[in-house]
Amino acid sequence: MNPPILYIVVPCYNEQEVLPETSSRLLAKLTSLTERERISPASRILFVDDGSKDTTWAQIDALAKSDARFGGVKLSRNRGHQNALLAGLMTAKGMCDCCISMDADLQDDIEAVEGMLTAYSEGCDVVYGVRSSRESDTFFKRTTAQGFYKFMKLMGVDIVYNHADYRLLSSRALEALSQFKEINLFLRGIVPLVGYKSSTVTYVRSERFAGESKYPLKKMLSFAFDGITSFSVRPIRWVTGLGFLLFLASIIAMVYCLVVKILGYTVAGWTGTMLSIWMIGGIQLLCLGIIGEYVGKIYTEVKDRPRFIIEAVSLDPGDREGIVQQVTPVKD
């Protein structure tokens, strides 16, 4: 059996500080795997520039021109990590037997690639890279991250605990992934829906080698909220349940008020009335906000805009022919 063609897809956004080291380490791993005949010599490292404002694309283009084992895809503007990752995966689709996605900051342990390839050779179409622990995280990040995974499970979302976007996908898993057309991408939730045989490989996540994190608290919260509202309707069902309980409470309150009036009791109800108005008003606004999020997602879905637009591709001429027209921008 011939060794598989592997593509390593690495989304990048303003990664000029870390890119030289990342490319060096990945090339060394690719060379080692090729020499040991674990992967085909046709394997590649594919960087995706997500509209960077620094010299990231210039470095990627230079790497691709100096060594055919490097390739680059440049998006026309910043579309976010998930869309950039999908652009790379859809570019690799049709040119590889399997594909591994990882971040450019070297926090994902490159040595875990060995275990992923072993699981792939044993018949797994999806192999998840899972963190063995979160001891290196701050207390706040560790607590919020673990809370996020538990909350997603509570929402009924099939998600792999402590898994980000470090994973291997076989060619048929990539083909299946291309059939998902939603705009609000949350690949951690979409990939498990593919349903093919899967496995996990544990690794220790390192500190970022250089540069700054591209996921500040604001983006992390936005990402988490997108994940919840894109994969679960339970918040709407909770709103419905809350509305039903309030309806029952209002009937009880109405009966109570009628009884009090009939018996001739006076009700000094200014404080209670005001508190009730504020409470009900707040709950109504909260419910409308949650419903509005879902309506907003429907609005963005029906516009059927492309999720990404590729401005340039820097690949070896032989690889370019393999792209065929299957990289037609997937809708966003």
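The structure holds two aromatic pairs, where rings of Phe, Tyr and Trp (its six-membered ring) pair if their centres lie within 6.5 Å; planes under 30 degrees apart count as stacked, over 60 as edge-to-face and the rest as tilted. The model is predicted: local features need pLDDT of at least 70, side-chain atom pairs count only at pLDDT 80 or more, and totals for chains, interfaces and linings use all residues. Residues are numbered from 1 along each chain as its sequence is written, and side-chain values use heavy atoms, with hydrogens and water left out.

**Aromatic pairs**
- The pair of Phe47 and Phe70 is stacked, because the ring centres are 6.1 Å apart and the planes stand at 20°.
- This pair links distant parts of the chain, 23 residues apart: Phe47 is in strand E2 (residues 44-49) and Phe70 in strand E3 (residues 70-75). Helices (H or I, at least four residues) and strands (E, at least two) are DSSP runs, numbered from the N terminus.
- Phe47 is buried at a relative accessible area of 0%, and Phe70 is buried at 4%. Buried means under 20% relative accessible area, exposed over 50%, and partly exposed in between (1.4 Å probe, protein chains only).
- Tyr166 and Tyr203 form an edge-to-face pair, with 5.2 Å centre to centre and 85° between the planes.
- Tyr166 lies in strand E6 and Tyr203 in strand E7 (residues 198-203), so their pair ties together parts that are 37 residues apart in sequence. Both Tyr166 and Tyr203 are buried.

**Strand E6 and its partners**
- Seven of the eight residues of strand E6 (residues 163-170) are buried, so the strand is largely enclosed by the rest of the structure.
- Strand E4 (residues 98-101) pairs with E6 in the antiparallel sense over four bridges; two strands pair if DSSP finds at least two bridges between them.
- Strand E5 (residues 126-131) also pairs with E6 in the antiparallel sense, over four bridges.
- Leu168 in E6 stands opposite Ile100, and Val127 stands opposite Leu168 as well.

**Charge over a ring**
- Arg172 lies over the face of Tyr196, at 3.9 Å from the ring centre. A charge sits over a ring if NZ of Lys or CZ of Arg is within 6 Å of the ring centre and within 35 degrees of the ring normal.

**Helix H9**
- Val259 has its place in helix H9 (residues 234-263).
- Val259 counts as partly exposed, because its relative accessibility is 41%.
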